[in-house]
Amino acid sequence: MSTKAFKSEKIDAMKAKFEKAQVAVVTEYKGYSVEEITNLRRNLQKEGGDYTVTKNTLAKIAIKGTEFEALADLCKGPVAVAFGFEDQVSPAKIVSKFIKDTKKGEILGAVLDGKLLSVEETKALANLPSKEELYAKMLGSINSPASGIVGAVNAVMASLTRAVAAVRDQKEKAAA
C-alpha cells in the first residue's frame, strides 16, 4: 500500500471518529508503554469511547469541517485523543484517573459541543458525576417526597393504633 493511500485511510478513520464523538480529550502520551496505552484504550472502550495516538498533521486534516476544529491548537508534540461516543464525562474521567495513577502524561484540553476547554475546565469535567450517578440522584429526588408522605401516613396510622389500644386498655381496666 502506498504511503499516500495509507495516510488517506488514517485520515478517513480519524474523521469518522470525530464525526461520531460527543467529546474529544487531547492528552500528551509521552512515556506510556504499549501496555499502558492498551489498558487505557480498553477502559475507554468499556465506557463507549476510544483512545487514538495520531500524527498531528493527520489529526489536523481530519478535524477540518467538524466541531472539533479548535483542537488544532493542541496538536503539538506527541498527542493522543480520547473520544467519548456515548458519554461526555467518562473519557475525561478515565484519562484523568489514568494520568493520576501512572504519573505520566497530561491533559492538554478538550472540545465539548464545539467549545475548546482549557486544562482546568477538562479536569472539572472529569470531576462531574457520571450519567448513572446523576440518574440515581434524580430518582432519589423524585422518590424523596413520596417517601416523606408514606412516612407521615405511617406515623399517623401508628399513632391512631396506639390511641385505640390505650382506650381499649382503659376500658378493660374500668370493666374489671
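Start by selecting V25, L40, L44, Y51, V95 and L125: these have the most contacts inside the largest nonpolar core, a set of 21 residues. Such a core joins buried Ala, Val, Leu, Ile, Met, Phe, Trp, Tyr and Cys residues through side-chain atoms within 4.5 Å; buried means under 20% relative accessible area, with exposed over 50% and partly exposed in between (1.4 Å probe, protein chains only). You're looking at a predicted model, where local features need pLDDT of at least 70 and side-chain atom pairs count only at 80 or more, while totals for chains, interfaces and linings use all residues. Residues are numbered from 1 along each chain as its sequence is written, and side-chain values use heavy atoms, with hydrogens and water left out.

Now colour the elements that give two or more residues to this core: β1 (23-28), α2 (34-46), β3 (79-84), α4 (90-102), β4 (106-112) and α5 (119-126). Helices (H or I, at least four residues) and strands (E, at least two) are DSSP runs, numbered from the N terminus. The top contributor is α4, with five residues.

Zoom in on L44. Skipping its neighbours within four places in sequence, L44 has contacts (heavy atoms within 4.5 Å) with G49, D50, Y51, A82, P91, I94 and V95. Next, pick A21, A24, L58 and F68, which are among the 19 residues of a second, separate core.

Time for the rings. Phe, Tyr and Trp rings (the six-membered one for Trp) pair if their centres lie within 6.5 Å; planes under 30 degrees apart are stacked, over 60 edge-to-face, and the rest tilted. That rule gives four aromatic pairs. Show F18 and F68, a tilted pair at 5.5 Å centre to centre and 45° between the planes. F18 sits in helix α1 and F68 in the loop between α3 (56-63) and β3, so the pair ties together parts 50 residues apart in sequence. Both are buried: F18 at 2% relative accessible area, F68 at 1%.

Y32 is in the loop between β1 and α2 and F98 in helix α4, so parts 66 residues apart in sequence are tied together.

Last stop: select T3, F6, K7, K10, A13, M14, K17, T52, V53, T54, K55 and L58, the lining of the largest pocket. Which element gives the most to that lining? That's α1, with seven residues.

Terms used:
On a 1 Å grid over the protein atoms alone, a cavity is a set of points where a 1.4 Å probe fits but cannot get out, and a pocket is an open set with protein on both sides within 12 Å along at least five of seven lines; lining residues have an atom within 4 Å of a point.
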